[in-house]
Each structure stands twice: as structure tokens, then as C-alpha cells.
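Thanks for making the time this morning. I would like to walk you through one model, slowly, and with the structure up on the screen.

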Amino acid sequence: SDLGLVGVNPRYVPTGHLVYGHTTQVLMAAPFDLATHRLTGDPSTVLPEVMVVVGGATQFAVSETGTAVYALPPGDDNASFQLAIVDLNGVETPLALGGGFFRHPRFSPSGRHIAYEAIDRISVFDLEAGDNPTLAIGVTDNPWWSRDGRYVYFSGRTNSTLFSDGLRRLADGSEEAEHLFRRDGMNYPQSMSPDGSQILVMESTLDRGYDLVIMSEDGDSVSFTDYLRADWNETMATISPDGARAAYVADEFGVPEVYIRS
């Protein structure tokens with residue numbers, strides 16, 4: 001049943017509470033009856049600063065006596081990462097973004113903009129003007145650009161469920177984000193075919209791990225077909241510029257390796 005809580009990475013602790021993270025970098029707790037699976041009180045903030053990384057993993061653990069250990073979120077004094085441009089001679093030029101928890105930076109086709117993922121948002125940095133508008137707020141993942149540079153595609157959670165949807169938004173933020181699909185499970189759009197009719201999607205399931213499926217559009221309808229489905233993980237897929245091949249990562253032999261497939 002829906003408990004009406006908005007959060008990520010929930011865990012039951014022996015003190016009789018359901019403890020969970022929130023993308024605002026806090027740890028919440030709500031009294032919970034394990035027998036009836038119902039809340040017995042209102043949620044409250046128990047730690048005002050806890051690292052909640054992209055994807056929802058909350059960095060904390062609680063002992064049987066109620067003592068917690070946790071990681072602090074990155075800030076001005078404990079920033080985890082800095083985005084920088086590195087030329088082919090190894091010369092680094094940091095971007096004027098300061099420090100933070102950044103992932104998945106992607107150049108636009110023109111090379112002027114960089115879409116990137118922070119702890120609770122996706123933003124686009126303008127290398128020439130220095131602007132840094134936010135395109136999406138919340139649990140969002142893996143931004144990438146359309147081939148014409150007009151759109152940024154990403155996955156995100158648009159309600160209180162743990163399912164992730166496929167979305168896109170005009171890179172200038174002039175319109176609201178639009179849904180590409182809503183589908184059970186964790187689904188991450190990865191790359192688009194040259195004609196724009198198909199998108200490779202990385203899906204995550206409890207029994208198989210990560211697999212790759214193809215989303216096809218026909219008018220207003222959307223369908224999904226398997227592309228790679230195996231007992232190991234297939235991730236991080238990219239369609240070649242001519243649409244003839246896909247590069248992806250698989251761990252069939254125990255370590256991540258890069259493959260190319262027609």
C-alpha cells in the first residue's frame with residue numbers, strides 16, 4: 001500500500017521506524033508498525049544533512065540500538081567533484097561551477113553547452129555566456145543530447161513511486177519537460193537512432209539486472225522490444241552516428257568491457 005511518503009532508499013530499523021532519504025539531502029523517519037504495515041505517526045527529520053546521491057542511494061546505516069552512521073552531502077567545504085575541460089595535451093580548465101557532486105557531463109553537438117547531473121537536478125552550462133539554468137529537479141539521471149542539440153533527454157521520477165520515466169526538455173528550458181514513456185521499473189533512455197524513431201533504453205529489473213530494450217514511436221503510440229537481454233548486465237548504450245551499430249558495456253566475464261553490435 002502507498003504510505004504517502006515521498007523519499008528514497010527506505011529501510012526499517014529496530015526502533016520501530018521507517019527511515020528514508022530525501023533528495024533535499026536530509027534523513028527522514030516515520031513511526032511504522034511492522035505487523036500492520038502502517039504508519040503510526042507523522043514523519044520527521046532526524047538528520048538535516050545526509051548525502052543522497054543521484055539515483056536515490058542514501059548514505060547511512062542504523063544499528064540495532066538506533067545509532068546512525070552517515071556521510072555528509074558535498075558543499076563548499078567538502079565538495080566531491082569539479083567539472084573541468086581537458087585538452088589533448090592534458091591541460092585542465094575547471095568550469096566556473098565550483099565544487100559539488102557532478103556526474104554524466106555531456107557536450108552538446110555544437111560544443112558550446114554541457115549538460116550534467118548534480119545531486120538533485122540536471123543543468124546545462126553555457127561555456128560562452130556562463131549561464132547555468134536548471135532543466136529538471138528531483139531524482140533525475142543520465143542526461144544526453146538530441147542529435148540536433150535542441151533537446152536534453154534524461155530519466156526521472158515524476159511521482160512518489162520508485163519507477164523512473166523517460167523524459168526530454170528543450171535545452172533552453174523554454175517549455176516544460178515532456179514524457180517519452182512511463183513504464184514499470186527503472187528505465188534510462190540512452191541514445192537515439194538517426195531518424196529519431198527509436199531510442200535505446202537501459203532497463204533495470206530485480207531478477208536480471210540491466211538489459212537493453214528499444215523504444216519505438218509510431219505516431220502517438222510507443223512500443224518496446226528486446227535488444228539485449230542476458231543473465232549479465234548490459235549498460236551505457238550509444239547508437240553510432242550512421243545508426244548501424246551500438247556500443248555498450250557488458251560484464252559477461254566478470255569485469256565491465258566495451259562491445260560493438262549491429
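Before I point at anything, let me say what I mean by a nonpolar core: a set of buried Ala, Val, Leu, Ile, Met, Phe, Trp, Tyr and Cys residues that are joined through side-chain atoms within 4.5 Å. Please also keep in mind that this is a predicted model.

With that in hand, the largest nonpolar core here comprises 13 residues, and those with the most contacts inside it are Leu200, Leu212, Tyr227, Leu228, Ala237 and Tyr248. At least two residues of this core come from each of β18, β19, β20, β21, β22 and β23, with β23 giving the largest share, namely three residues. If we look at Tyr227, and leave out residues up to four places away in sequence, it touches Leu200, Leu212, Val213, Ile214, Ala246, Arg261 and Ser262. Another core, of eleven residues, lies apart from the largest one, and among its members are Trp144, Leu170, Ile199 and Val201.

Let me turn to the strands themselves. Four of them form an open sheet in the order β18-β19-β20-β21, with antiparallel pairing, and its edge strands, each pairing on one side only, are β18, residues 186-192, and β21, residues 221-228. On average, and ignoring direction, neighbouring strands of this sheet are turned by 35° against each other. Strands β20 and β21 pair over seven bridges, in the antiparallel sense, and Ser216 stands opposite Ser223 in β21.

Definitions and conventions: Residues numbered from 1 in each chain as written. Predicted model: local features only at pLDDT ≥ 70, side-chain atom pairs only at ≥ 80, totals over all residues. Heavy atoms only, no water. Pairing = 2+ DSSP bridges. Helix = DSSP H or I, 4+ residues; strand = E, 2+ residues; numbered from the N terminus. Axes fitted to C-alpha atoms, helices over the stretch in contact; angles between N-to-C directions. Buried < 20%, exposed > 50% of the residue type's maximum accessible area, 1.4 Å probe, protein only. Contact = heavy atoms within 4.5 Å.
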